[in-house]
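Dear colleague,

Please find below the structure I promised to pass on to you. My notes on its contents follow it.

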Amino acid sequence: PHIPMFLLRLAALSGDEDAERMALHTLDRMALGGMFDHLGGGFCRYSTDARWLVPHFEKMLYDNALLAIAYTEAFLLTREARYRTVAERTLDWALREMRHAEGGFFSAQDADSGGREGAYYVFREDEVPAPLREPLGVTREGNFEGLNLPNRLAQAAPLPDELMGQVRALYEYRRGRMALGRDDKILTAWNALMIVALATAASALSRPDYLDAARAAMAFIRAQLTGPDGELRVRWAGGEAAGEGTLDDYAFLCWAHIALGDATHRNA
C-alpha cells in the first residue's frame with residue numbers, strides 16, 4: 001500500500017500524471033484480482049502470481065487499514081465510485097469480522113481452513129449461482145487447483161446492483177463453512193492504523209459510523225493499552241496487556257490522534 005499512497009500524494013501535490021496512472025493501475029488490478037474478497041470485502045495479504053489472481057489467503061489488519069486509506073485517497077483524487085466501493089467494503093469487513101466487542105480490532109484471519117490454505121475462499125462451479133459465474137470468473141475447470149477463486153479480472157465494470165443480493169447470499173453460504181482461525185491479539189500500532197483509515201474515510205465518504213468506530217478503537221487503546229503514566233503497551237490479549245510500546249506504536253498513535261481530531265472537526 002505504501003507505494004500507491006506515495007504516488008497518489010505525489011500526483012495530488014504536483015499533478016504528475018505518470019504517478020497517478022501507476023498508482024491507479026496498481027489499485028485497480030489489486031481490487032479486480034483474487035487478493036480482494038469479492039464476497040466479503042477486505043484484502044488478502046499479497047498476490048502469488050503476476051496476474052493478481054491467487055493470493056496468500058491470510059488477511060492482516062494493518063494491510064487492510066493502509067489499503068483502505070489508499071483507496072479513499074484514490075477516490076478523493078479521481079471521484080471515481082469504484083475506489084469508494086473498495087474502501088467501504090474493506091472497512092465494513094473489518095467492522096463486521098475483526099472487531100472486539102469493546103472497540104479494538106483483532107490482528108489477522110488465518111489462510112488455512114480445515115488444514116488447507118485458501119479452502120474457505122474457493123468454490124466448485126455448482127456452488128455458485130449461474131448469474132454470478134461469468135461475472136466472478138467461475139468455470140467448470142476452475143482457476144485454482146480445480147476450484148474457483150472469485151475474481152473480476154476479465155470484467156472490470158462494477159457488478160450490477162441486481163446481482164448484489166446473490167453475492168450476499170453466496171457470502172452467507174461461505175460463512176457456513178468451517179470458520180477461519182483468527183489471531184485475537186489487539187495490537188496498538190495496527191489499531192492506530194485502522195483508526196486513521198476509519199477517520200479518513202468518515203470525512204471523505206460521509207460515513208459517521210466510521211467516525212464512531214474510530215473513537216471506540218481509540219477509547220480501547222486508552223483503557224486497555226495505555227499505562228497510568230501514558231506509556232503504551234504493544235498488545236492486549238486474553239484480558240492482559242503486555243510489552244513496552246515501541247516507536248511504531250507511538251508514531252502511528254500520533255497519526256491516529258491527528259486523523260481523528262481532523263475528522264471530528266470536519267464532522268462537528
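With which residue does arginine 116 form a salt bridge? The partner is glutamate 145, and the closest N and O atoms are 3.2 Å apart. Please bear in mind that the model is a predicted one.

This pair links distant parts of the chain, 29 residues apart: arginine 116 belongs to strand 6 (residues 116-117), while glutamate 145 sits in the loop between helix 5 (130-133) and helix 6 (164-175). Arginine 116 is partly exposed, with a relative accessible area of 33%, whereas glutamate 145 is exposed, at 59%.

In total, the structure holds 22 salt bridges. Another of them joins the side chains of glutamate 127 and arginine 177, at 3.3 Å from N to O. Glutamate 127 lies in the loop between strand 6 and helix 5, and arginine 177 in the loop between helix 6 and strand 7, so this pair ties together parts that are 50 residues apart in sequence. Glutamate 127 is buried, its relative accessible area being 15%. A further salt bridge connects glutamate 231 with arginine 233, with the closest N and O atoms 3.5 Å apart. Both residues are partly exposed: glutamate 231 has a relative accessibility of 22%, and arginine 233 has a relative accessible area of 26%.

I turn next to the nonpolar cores. The largest comprises 61 residues, of which Phe43, Tyr71, Leu91, Phe105, Met194 and Leu198 touch the most other members. Among the elements that give two or more residues to this core are helix 1 (2-14), helix 3 (61-78), helix 4 (81-97) and helix 9 (247-266). Helix 7 supplies the largest share, eleven residues. Beyond its neighbours within four places in sequence, methionine 194 is in contact with Leu61, Ala65, Leu91, Ala94 and Phe105. There is also a second, separate core of 14 residues, including Cys44, Leu53, Tyr120 and Leu149.

Finally, three strands form an open sheet with antiparallel pairing, in the order 3-4-7. Strand 3 (59-60) and strand 7 (182-183) stand at the edges with a single partner strand each, so one side of each is left without a neighbour in the sheet. Strand 4 (residues 108-109) pairs with strand 7 in the antiparallel sense over two bridges; in strand 7, aspartate 183 is the bridge partner of alanine 108.

With kind regards

Methods: Residues are numbered from 1 along each chain as its sequence is written. This is a predicted model: local features need pLDDT of at least 70, side-chain atom pairs count only at pLDDT 80 or more; totals for chains, interfaces and linings use all residues. Side-chain values use heavy atoms; hydrogens and water are left out. A nonpolar core is a set of buried Ala, Val, Leu, Ile, Met, Phe, Trp, Tyr and Cys residues joined through side-chain atoms within 4.5 Å. Buried means under 20% relative accessible area, exposed over 50%, partly exposed in between (1.4 Å probe, protein chains only). Helices (H or I, at least four residues) and strands (E, at least two) are DSSP runs, numbered from the N terminus. Contact means heavy atoms within 4.5 Å. Two strands pair if DSSP finds at least two bridges between them. A salt bridge is a side-chain nitrogen of Lys or Arg within 4 Å of a carboxyl oxygen of Asp or Glu.
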